[in-house]
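Hello,

Here is the structure I promised to pass on to you. Have a look at it first, and then read on for what I found in it.

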Amino acid sequence: SSGINAEVRGVLNYYTNYYYKSNLRMFRILRPLRCWSLNPLCLHSLRPQQIPRIHRGLSTEASEKAERNARRLLEISPTTAKLKLFWGTASSFKKYAIFLAGTSFLVLYISYVKYLKDAYDKVEAMKTSSSQRTYGELAVGGPFELIDTKGNVVSSETLKGKWALVYFGFTYCPDICPEQMEMLGALVDIAKEEHDIDITPVMITIDLERDTPQVLDEYISDYNPKIIGLRGSEEQLDNVCNAYRCYRSKGQSYDDPNDYILDHTVTQYLIDPDGKTVGYF
């Protein structure tokens, strides 16, 4: 049949090329056989069990070896025989085209795998960054100089060397400031007890009229004795509020001129030991 003829031709062609690579002199002897093996009329009635002995110009040992290999290939792996047939009879152009196509596919596959890996790494990096809050230097803060409740000068240079949390508020605040002050005092204790980190808590009052040094000292003592209460002149307060971008606005008073509310920014600023603002809450 034509299928068996093709297999036989492919096997003979393959082993002819094999002997060519092994011995050029043997190839000259096998060359007529190779041409004969490609003639379908000569192989029309052959079967795998009837593969002719390749003996033209070869030794008996070489002929028997070629016959055994051809028979074994056809019986064990017909698919391999077909592949060898295709490759043995393909032109140089076709072989080059197959090689280029295979190389291109391999390059594209490697590029695709690399793209998937990069995309996966980016997703994992985003997950990691979202689960861990990172801090960097903010364009907030600056040098300042104020007075504490004991009359001592406290400046931005005084706070250097330790972490600090700075909050702007006032003692007459009805609800927001008490919550922030409780959190400020709790954060300082937690950082020391659980992480052995010393943080200096600071409250800067924005109400210079009512928050006298005595009133401010009593107020901060109710939350945590570590908290440092600061106040100053209007000019000093304006400078530090502008540096930390703290908004403050005095509301309207009615029956009592001292009964008024101050609108302000509710933020706690985290300052590193170098005096730079690296976070806020």
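Buried residues account for 36% of the 281 residues in the protein chain. Please keep in mind that this is a predicted model. The chain's accessible surface is about 17,600 Å², and 55% of that belongs to carbon and sulfur atoms. In secondary structure, the chain has 8 helices and 9 strands. If you take the contacts between residues at least 6 apart in sequence, 66% of them join residues at least 24 apart.

To see one member in its setting, select Val 240: leaving out residues up to four places away in sequence, Val 240 touches Phe 144, Leu 146, Phe 168 and Ile 204.

Next, helix H6. With 20 residues, H6 reaches 27 Å from its first C-alpha to its last, close to the 28 Å expected at 1.5 Å a residue. Which of its residues are buried? They are Cys 177, Pro 178, Gln 180, Met 181, Leu 184, Gly 185, Val 188 and Ala 191. In an α-helix there are 3.6 residues a turn, so residues three or four places apart point the same way.

Is Asp 196 buried or exposed? Asp 196 is exposed, because its relative accessible area is 58%, and the cut-off for exposed is over 50%. Arg 245 is another non-glycine residue with a positive phi of about 55°. Arg 245 is placed in the loop between H8 and strand E6 (248–250), and with a relative accessible area of 58% it is exposed.

In E3 you will find Val 166, which is buried at a relative accessible area of 1%. Not counting residues up to four places away in sequence, Val 166 touches Val 202, Ile 204, Thr 267, Gln 268, Tyr 269 and Ile 271. In E4, look for Thr 200. Thr 200 has a relative accessible area of 16% and counts as buried, because the cut-off for buried is under 20%. Setting aside neighbours within four places in sequence, the contacts of Thr 200 are Leu 159, Lys 162, Trp 163, Ala 164, Leu 165 and Ile 228.

Thr 277 is 111 residues away from Val 166 along the chain, yet their C-alpha atoms are 9.9 Å apart in space. Thr 277 belongs to strand E9 (residues 277–280) and is buried, with 2% relative accessibility. Its side chain reaches the backbone oxygen of Val 140 at 3.0 Å. In the loop between E8 and E9 is Gly 275, which is partly exposed at a relative accessible area of 34%. The C-alpha atom of Gly 275 is 8.0 Å from that of Gly 161, although 114 residues separate the two along the chain.

Lastly, the cysteines. How many disulfides does a search of the whole structure find? The search gives 0. Cys 241 is in no disulfide, and the nearest cysteine sulfur to its own is that of Cys 246, at 4.5 Å. Cys 246 is likewise in no disulfide, its nearest cysteine sulfur being that of Cys 241. Cys 241 is buried at 3% relative accessibility, and Cys 246 is buried at 8%.

How values were computed: Residues numbered from 1 in each chain as written. Predicted model: local features only at pLDDT ≥ 70, side-chain atom pairs only at ≥ 80, totals over all residues. Heavy atoms only, no water. Contact = heavy atoms within 4.5 Å. Helix = DSSP H or I, 4+ residues; strand = E, 2+ residues; numbered from the N terminus. Buried < 20%, exposed > 50% of the residue type's maximum accessible area, 1.4 Å probe, protein only. Areas by Shrake-Rupley, 256 points an atom, 1.4 Å probe, with all protein chains shown as cover. Expected span 1.5 Å × (residues − 1). Polar contact = N/O pair within 3.5 Å; in protein donor to acceptor, adjacent residues only side chain to side chain. Disulfide = S-S within 2.5 Å.
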